[in-house]
Amino acid sequence: MSDTVLEVRDLQVTFTASGRLLPAVRGVDLVIERGQTLALLGESGSGKSVTAKAIMGLLDHPGVQVGSRVARLGEHDLLTMSAERRRALRGNDMTMVFQDALSALNPVLSIGDQLGELFRIHVGATRAEARARSIEMLELVGIPAPGKRIDDYPHQFSGGMRQRILIAMAVALEPDLIIADEPTTALDVTVQAQILELIERLRRELGTAVLLITHDLGVAAEVSDRVAVMYAGRIVETGDVYELFERPAHPYTRALLGAIPDLERPASELRAIPGQPPSPSSLPAGCAFAPRCDRVTALCTGTRPELTLLDGGSDRAVACHHTKELLDVG
Amino acid sequence: MSAEPVLRAVNLHKTYRGGLLSKAGAVRAVSGVSLELHAGETLGIVGESGCGKSTLARMLVGLEKPDSGEVTFRGRPFPARDVRRSVQMVFQDPLTSLNPRMTVQDLVSEPLQVHRLANGAPARRARVGELLDLVGLDPDRMNRFPHEFSGGQRQRIGIARALATEPDVIVCDEPVSALDMSVQAQVVNLLAELQRTLGVALVFIAHDLAVVRHVSHRVGVMYLGRVAEIGPATKVYGTPAHPYTSALLSAAPVPRPSLRGRKRIMLGGDPPSPVAPPPGCRFHTRCWKATAECSTQEPALEPVDDHFAACHHATRPA
């Protein structure tokens, strides 16, 4: 059996808004191996959440066009699959953890009902079995006194506990892939550390692949194996987390790392990036980062650089005309 | 540093009561916070949600009246008009804090009118142009509306509005949290530059520890409505005396994978609710140093080395 859990090639997502086409994702490739965490890093509007939803098959409504050349989850071809089969796949083989646990949980059903539903629908468990398995799951994600809390409702839990419940639901059926969309953004820093540790532990114990969507460079650096940096609907740089953070090969990645303050190394001045990310309705012709880039040349504004493999790196790819100079400068 | 602080808060308390039909108890947002802000310095305030940092900010600018305690500006209390003029605020979300139906010119000239700082429309217009220029916005765009600007630019409008009255103090409540990470640095650098050129004192409230360290001379760490630790940024971050500060610093994700193996302090549980803060030291329910004393005796803020910490077991330099 192949170790590739997810393979997506040339993913395109276009929204139609009042007659205009808004390309949100423009040719994204993603490959995740078993037991691996890939962080998809980007700012708001970069297309990272849309990518996640497209993979989950949650963009199936009018006004959105989703297309790709390849979309495989393990042995399953997502492109040829019926909507019915795909629904069965969600929950069983791939699951999603959302940012806001309070709105992702049903407020009028107890936690036990919501967790138990997974076992009853997907594996045909009886009520009693489902309840017993649900208690096990709550225990696994570290909810104290799970036997007592199983009949409680979402509002009776704290933010961190609710996120644990969502994670319990996501891992309940031992999926091959978990997509976590900003799972800790709404949480306080001390609770965030707990949740990241939990995701990391479950990945190790269950061998699940994780696609972690985040805007936080620190979060990506703490837990991922590989990182893909998105800008204006495309991946501009991808590679091993250590290599990417230590030797960023795209000016955008490099600029981001220079623009955030580092707790361990306080600098006197942050290197701010001028301007702001482009809107999907008015993308520049060449490289999307060209208007903000300090290395921009005529080539950049005219021709869009392709995502190309770097020599010597382990599966490192960068979309920039000036990567060589950038890496030579160090 | 001058001896006389520009802004002084003494033993501030604020409790929000539930409505008539509310079953929830009163929220004790701030319980006994005192601090001083000196001319030209930046005081950072960090803490998790519900620690009372935003309530504190609102009391410092006079938007919220403390239940007890007092805020004074150069010794004079609110709400004297010239005091209000001298202490301004920058809010977190510039889109909701700017009136969408007012142009940038109207927005920035409103404080000029209220405080009668420029006589006549042409003078006001000229002053608005100056202010926009100061915060790095093109004065030619003053007839546009807030929605025509990006998030970072809107925050600049908010800053221009705060600067209009030539304040001595600006209280910034999460000024960069709503901004994209590539834009945050622009606003952080702008605030730092304004402080250097205008000498304005800043209170910088945020949950992002790295940003606060970057901008602040002194830092206060809040937990459940009280100050856990306060002192020079280098001391609070370098040699934290309060266990909560250590835990907070240790939990913050660092954008360097090579530091992954570092030893980290993992706190259990969530911060308790400010409706029913624990007795004694408010942090004792999550603290690994807690003893019997901590659950009954509330520790006072006491000097440790060059800074202050409220802990019975504060880490003291050897």
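Analyst: Happy to! Let's start with Ala71(A), which counts as buried because its relative accessibility is 8%, and the cut-off for buried is under 20%. Please keep in mind that this is a predicted model.

Where does Ala71(A) sit? Ala71(A) belongs to strand 5 of chain A, which covers residues 70-73. Leaving aside residues up to four places away in sequence, Ala71(A) touches Glu7(A), Val8(A), His76(A), Asp77(A), Leu78(A) and Leu79(A). Take Glu7(A) from that list: Ala71(A) and Glu7(A) are 64 residues apart in sequence, yet their C-alpha atoms are 5.7 Å apart in space. For a contrasting pair, look at Thr297(A) and Gly207(A), which are 90 residues apart in sequence and 45 Å apart in space, C-alpha to C-alpha. Thr297(A) lies in the loop between helix 11 (251-259) and helix 12 (298-302) of chain A. With a relative accessible area of 34%, Thr297(A) is partly exposed.

Now let's step back to the part of the chain around our starting residue. UniProt, in an unreviewed entry, places the feature "domain: ABC transporter" at residues 8-257 of chain A.

In chain A, 8 strands form an open sheet with mixed pairing, in the order 7-8-9-3-10-11-13-12. Which strands stand at the edges? They are strand 7 (94-97) and strand 12 (308-309) of chain A; each has a single partner strand, so one side of each is left without a neighbour in the sheet. As a bit of background, strands of a sheet pair through backbone hydrogen bonds, either parallel or antiparallel. You can see a parallel case in strand 8 (residues 177-181) and strand 9 (residues 209-214) of chain A, which are joined by 5 bridges. Within that pairing, Ile179(A) stands opposite Leu211(A) in strand 9 of chain A. Helix 1 (residues 48-56) of chain A lies across strand 3 (37-41), strand 7, strand 8, strand 9 and strand 10 (226-231) of chain A, and runs at about 145° to strand 7 of chain A.

Let's move on to where the two chains meet. The contact involves 49 residues of chain A and 39 residues of chain B. The size of an interface is often given as the accessible area lost when the parts come together. Here, chain A and chain B bury about 3,800 Å² between them, with 57% of it on carbon and sulfur atoms. Three residues, Thr190(A), Glu222(A) and Leu263(A), supply 20% of the area that chain A buries against chain B, more than any other three residues.

One of Glu222(A)'s partners is Arg262(B), with N to O at 2.8 Å in the salt bridge between their side chains. This pair crosses between chains: Arg262(B) is in the loop between helix 10 (243-251) and helix 11 (292-296) of chain B, while Glu222(A) is in helix 9 (residues 217-223) of chain A. Glu222(A) also forms a salt bridge with Arg264(B), where the closest N and O atoms are 3.5 Å apart. Is Glu222(A) buried or exposed? Its relative accessible area is 10%, so Glu222(A) is buried. Arg262(B), at 22% relative accessibility, counts as partly exposed.

Finally, what about salt bridges elsewhere? Glu130(B) is partly exposed at 48% relative accessibility, whereas Arg127(B) is buried, with a relative accessible area of 19%. Another salt bridge joins the side chains of Asp305(B) and Lys235(B), at 3.5 Å from N to O. That pair links distant parts of the chain, 70 residues apart: Asp305(B) is in the loop between strand 11 (302-304) and strand 12 (307-309) of chain B, and Lys235(B) is in helix 9 (residues 233-238) of chain B. Back in chain A, salt bridges that share partners join Asp3(A), Arg34(A) and Asp176(A) into one network.

Terms used. Residues are numbered from 1 along each chain as its sequence is written. Chains are lettered from A and ligands numbered from 1 in the order in which they are written. This is a predicted model: local features need pLDDT of at least 70, side-chain atom pairs count only at pLDDT 80 or more; totals for chains, interfaces and linings use all residues. Side-chain values use heavy atoms; hydrogens and water are left out. UniProt positions are given in the numbering used here, feature names are shortened, and annotations may be inferred rather than shown by experiment. Two strands pair if DSSP finds at least two bridges between them. Helices (H or I, at least four residues) and strands (E, at least two) are DSSP runs, numbered from the N terminus. Contact means heavy atoms within 4.5 Å. Axes are lines fitted to C-alpha atoms, for helices over the stretch in contact, and angles run from 0 to 180 degrees between N-to-C directions. A salt bridge is a side-chain nitrogen of Lys or Arg within 4 Å of a carboxyl oxygen of Asp or Glu. Buried means under 20% relative accessible area, exposed over 50%, partly exposed in between (1.4 Å probe, protein chains only). Buried area is the accessible area (1.4 Å probe) that two parts lose on being put together, summed over both.
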